[in-house]
Amino acid sequence: MKFRALLTAVVGITTATTTLALPADAAPPGAAQPQQVAAGDPAQAAAAADKAVSSQVDELTRGPDESYNRVAVTPGASEMYYVSYERTYKGLPMVGGDAVVVVDGAGKVRDTVAATGPSPRGVATTATISAEQATETAKTRLSRVDDTAAPRLVVLAWGEQPVLTWEAVVSGILDGKPSIQHVFVDARTGKIADSYDLVRAGTGNSYYYGQVTIGTSGSGSSYSLTDTSRPGIQCGGQNGSAYTGTDDTWGNSSGTNLETACVDALYSVQREWDMLRDWLGRNGINGNGRGFPARVGLNAVNAYWTGSYTNFGHNQANTQQATPIDVVAHEFGHAIFQTTPGGAGSGNENGGLNEATGDIFGAITEAYAANSNDPADYLVGEEVNLVGQGPIRNMYNPSALGDPNCYSSSIPSTEVHAAAGPLNHWFYLLAEGNNPGGGKPSSPICSGGPSSVTGVGIQTAAKIFMGALNRKTSSWRYANVRAASVAAAIELYGANSAQCRSTKAAWSGINVVAASNEPACT
Ligand SMILES: [Zn+2]
């Protein structure tokens, strides 16, 4: 059910005391449009992909003790299905052995991608370290442990040498922030071989969108901030339950009112959901018709994706909640990264790609929403004044806020939000070009890059980026995103297209060079 929520706006640009009554916002764009779905059917795509896997075509070659298990079939734009697989070695899951098969609506295999790693042949498959010992070791990664899950024995193939490890999942607190660590403990030596944190911290500002329509549920005198038309989307406080009420009017326009924060959060994620459907052909946040809950009232100057829900805090002055479109879409962007093939990988470079994915979905969703209270731009948190210094990241010129513009060998050791800089910069160059005019900011090209880059528009750039994400594997680095996005541009627009040329030029513009086998834009 959809009802109108009464919400007047508080606009806090530099002073939170400026209060303006704003006109009612238009109905959400595309709200009544039908779902865009691929032709053919998922079962046909799965069968075609399974056949490609069993015949070991292209990148799907495997060793004698290896096999592939199908994980998911995700419909995408241009009538494609992305069928993802996990590889096993002697029956053990191989982390870093994942693969994606791209199948078109006619059931024809169009592409294969596999995480690149060394052969697991010869790796021991019996542990000498117990699961309990591995859990104890994993717990040392946190300053406070709240929960542990039983570890699973896996072959870790992300490094130089595959190794038998226990994958332990421990959750709690690290450096004062929530953390859910996947820790890979060498099952023969007991040493930590690798780890990654599912929790993605972001920061954001606080906007208000005037009087908006939000998806809720209920009837009579019992309502809930639970979106019945977008399964999994709901909003409430820190206990995880959706807010409820006796009528379907929510919020009071106050920057410190948490029900109001939920109105902002729901409005924002509902725009992101609709954008995914209308622009990118993706069904829901997870690609298979579902989203995740949002919580507000987090006692922190920050916002988080926790691996299963988003959580939003407030600005330092504690006058506004961190629930505008670019912050909300950033956090749910982490959910998209986690639920596209390969999931979230390890290391700062992969983490930087994850953070940039959040920033990119923030910019795309702002553009889609086209809400006059929040003009589209390529800044992150531009009006929050989260800590009194304006935006926290700049996508067209990351170095303006201290982040690198260009890819370099230091990215793998750069903090993840900073390591997002080059990919954010790539997206701007692709979407807008280096010198778009029309009042849009120009963007520097890194030394050694092309003399200019022609923008393809944000919707087209978004399609290319989504097409790349649909070919993600767990070992993704910048070079893999270049390859995946070029493949996506060719899939969507053909090799003989301006989109293909701009995709490559934008990569060269941030110093990510072409692999020797990169297809030409002929
Ligand atoms: Zn983030």
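Me: Gln56 sits in the loop between helix H1 (42-54) and strand E2 (66-75). Why is Gln56 called partly exposed?

Reply: This is a predicted model, in which local features need pLDDT of at least 70, side-chain atom pairs count only at pLDDT 80 or more, and totals for chains, interfaces and linings use all residues. Residues are numbered from 1 along each chain as its sequence is written, and side-chain values use heavy atoms, with hydrogens and water left out. Buried means under 20% relative accessible area, exposed over 50%, and partly exposed in between (1.4 Å probe, protein chains only). Gln56 has 29%, so it is partly exposed.

Me: What makes the phi of Gln56 worth a note?

Reply: The phi of Gln56 is positive, about 55 degrees, although the residue is not a glycine. Lys90, also not a glycine, has a positive phi near 50 degrees. Lys90 lies in the loop between strand E3 (80-89) and strand E4 (92-104). With 48% relative accessibility, Lys90 counts as partly exposed.

Me: Why is helix H4 called oblique to helix H5?

Reply: Helices (H or I, at least four residues) and strands (E, at least two) are DSSP runs, numbered from the N terminus. The axes of H4 (residues 325-339) and H5 (residues 348-369) come within 7 Å and cross at roughly 130 degrees. Axes are lines fitted to C-alpha atoms, for helices over the stretch in contact, and angles run from 0 to 180 degrees between N-to-C directions. Under 35 degrees is roughly parallel, over 145 roughly antiparallel, 65 to 115 roughly perpendicular, and the rest oblique. The angle falls in the rest, so H4 is oblique to H5.

Me: How do you know that His330 and Glu355 are donors of the zinc ion?

Reply: Donors are N, O and S atoms within 2.8 Å of the metal (3.2 Å for Na, K and Ca); water is not among the atoms, so sites may look incomplete. His330 (NE2), His334 (NE2) and Glu355 (OE) coordinate the zinc ion at 2.0 to 2.1 Å, so they meet that limit. His330 is in H4 and Glu355 in H5, so this pair ties together parts 25 residues apart in sequence.

Me: What makes His330 and Glu355 buried?

Reply: His330 has 3% relative accessibility and counts as buried. Glu355 has 1% and is buried too.

Me: Why is Ala505 called buried?

Reply: Ala505, in helix H10 (residues 498-509), has a relative accessible area of 17%, so it is buried. Leaving aside neighbours within four places in sequence, Ala505 is in contact (heavy atoms within 4.5 Å) with Pro450 and Val453.
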